[in-house]
Amino acid sequence: MLAVRDLTVGYGDRTVLHDVSFTVRDGESVALLGPNGSGKTTLLRAICGGLRPWRGTIRLREQAVESLRPRERARLAAVVPQRAECPSGLSVRQMALLGRYPYLSWLGGYKGGDYAAADAALAAVGAGELAMRKVGELSGGELQRVLLARALAQRTPLLLLDELAAGLDVAREIALFDLLERRRADGICLVMAMHDCNLAALYATRIMGLKNGRLLFDGPVAEVFTEKNLGELYDIPLCVFPHPQGGVPQALPAHRAGESVDLNIYFRQNTPI
Amino acid sequence: MDTRVFRILAVLAACWLCSVPLACLSGPMPLSAPEVFHALAARLGLVDGPVEATRLLVVGDIRLARVCLAALCGGGLALAGVALQGVLRNPLADPFTLGVSAGAACGASLAIALTGGALRVAQSLGFSQAGLVAASALAGALLALFCALWLGTGEDGALKQERVVLAGIAVSAFLGAIVALVKALHEESVTSIVFWILGSLQGRGWDSLPMLLCTLLPGLLAVGLGWRALDVLSLGDEQAAQLGLDVGRARFWLLAGAGCMTAGCVAVAGIIGFVGIVAPHVLRILLGPGHGPLLTGAFFGGGILLVWADVLSRTLTGGGQELPVGVVTALLGGPFFAMLVRRR
């Protein structure tokens, strides 16, 4: 589905990604982990054609991304952006309908099938009752769901999700990732930039660690979700343990003891903090 | 489209249709309503029977032509306003943002100031004074549009919105200086230039129609086909590209279409301000931000606005004296717009 080879790209004269290579097959769900500024969003941008590679290639279904026309590209890959600017007057339904733009004919408007796809997508993310609300009146989490609905309405074989979980409560988060998991089982391919490594371990089939624009590790959850890998990725000690149900690896920060040692030093020296 | 939006559009279209015959009622020649309607019907070939020749000429040619031109120009300017505001994602943009008005003013003032040999050459080519001014204004407007689009396109071939706005400002400033220069060097034409710039439909007849349609129709086509692109563009360049829009190309065609449309309107009627900004804003409040209904509504709304502003411009002072219609739209539009802004 997606093949990235030796990708080097950046902004201005600042290189953000260095020689990144990987391939993603249909039905795979890849979590992209990494600290802030490690290049996760840049990678997603490049995959959807928003940034032209300085070096290397990106291929969607065996076709180079920059050789695809924008409409063809939008029928292959849909994006849920992280910080989306939205015109506030648009209704939620109109917003979801814009996901059908790549399917419009040269002259035609949105037809019954497009409305049905948009409504189905809204219902799938649990935003059916928001349909007539204005986008500007939504909470962050609601907007996030509407943006996902728009991407689902695009009916693409590849979904690029940038921080989908941001601003969602736990119940919504789980509901949306369950939904995505079902879509993945149907053969869709997911690439998700995430901060919550535990959610990644629960829902991804594969994890990639991105640090300073380079791939640190890449592999199935069980193989790469280790204290060594994650510790190196985030530069803090983490302890990894199996989830009480199912045994999927989970991680928690392991530096509490270290902090208290530091505090003791302060107390001994009798200096106010 | 929901029923409320559809109803508003139907009302606007009906008002637009009614405005044309009703606006023909006013004029310096005293005629009763039945006389006017009868003459109109006769002009359109709807009734047989003899109609007084002068009446047919006054109503069927002078008045009807002027009202139709006002309806088309108003509609064109409002439509171009919607397109410009959408493409540039700036509520303050108007049809003149690209410097089209300055180009038209420059062309018109050069033609007005034309004397001596050059004028005789133009006349020998079959141009009347008014026709020469209009043709020259159109040429200036299209040239300014071309310059703004060319300057706004970067080395990478993409039309960036900030760059287009800046290019428009540069073009406007330069051409505005030429107008000022003409005024300074050729004092006897100052009054005509000023009057032309304020915008008026005085004395415009059916002979202006071909020129207007030649620019209005391609523009209408480009902008009319672009309504879906305008909706997607309102999300910003990045999301628009992710949704499958070729942003640079869409922006070019929308700007070129809107500019072309504006050029025709300005060449025929002078620089009529406020129609292109007031009508889109009022309609956006009524119809919401979807560009399909908005563009349709703007065509009718702008037409209605300019038809009645033109009626006021020729009746307010009385005695055959006329106000420039641009002054009327600004005098009415200014306070109305201010109230609207305050109430929101």
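Tutor: Two strands are counted as paired if DSSP finds at least two bridges between them. The model discussed here is predicted.

Student: In what order do the six strands of the open sheet in chain A stand?

Tutor: The pairing in this open sheet of chain A is mixed. From one strand to the next, the twist averages 15 degrees. The order of the six strands is β6-β7-β8-β3-β9-β10.

Student: Which strands of chain A stand at the edges of the sheet?

Tutor: An edge strand here has a single partner strand, so one side of that strand is left without a neighbour in the sheet. The strands of chain A in this position are β6 (77-80) and β10 (214-220).

Student: Which residue of β8(A) is the bridge partner of A:A31?

Tutor: Strand β3 of chain A covers residues 29-33, and strand β8 of chain A covers residues 189-193. These strands pair in the parallel sense over four bridges. In β8(A), the partner of A:A31 is A:M192.

Student: At about what angle does helix α6 of chain A run to β8(A)?

Tutor: Helix α6 of chain A spans residues 170-185. This helix lies across β3, β7 (158-162) and β8 of chain A. Its angle to β8(A) is about 145 degrees.

Student: Which residue in the turn between β11(A) and β12(A) has a positive phi?

Tutor: Strands β11 (residues 238-242) and β12 (residues 249-253) of chain A pair in the antiparallel sense over five bridges. They form a hairpin with six residues between them. In the turn, a positive phi of about 95 degrees belongs to A:G246.

Methods:
Residues numbered from 1 in each chain as written. Chains lettered and ligands numbered in written order. Predicted model: local features only at pLDDT ≥ 70, side-chain atom pairs only at ≥ 80, totals over all residues. Heavy atoms only, no water. Helix = DSSP H or I, 4+ residues; strand = E, 2+ residues; numbered from the N terminus. Axes fitted to C-alpha atoms, helices over the stretch in contact; angles between N-to-C directions. Contact = heavy atoms within 4.5 Å.
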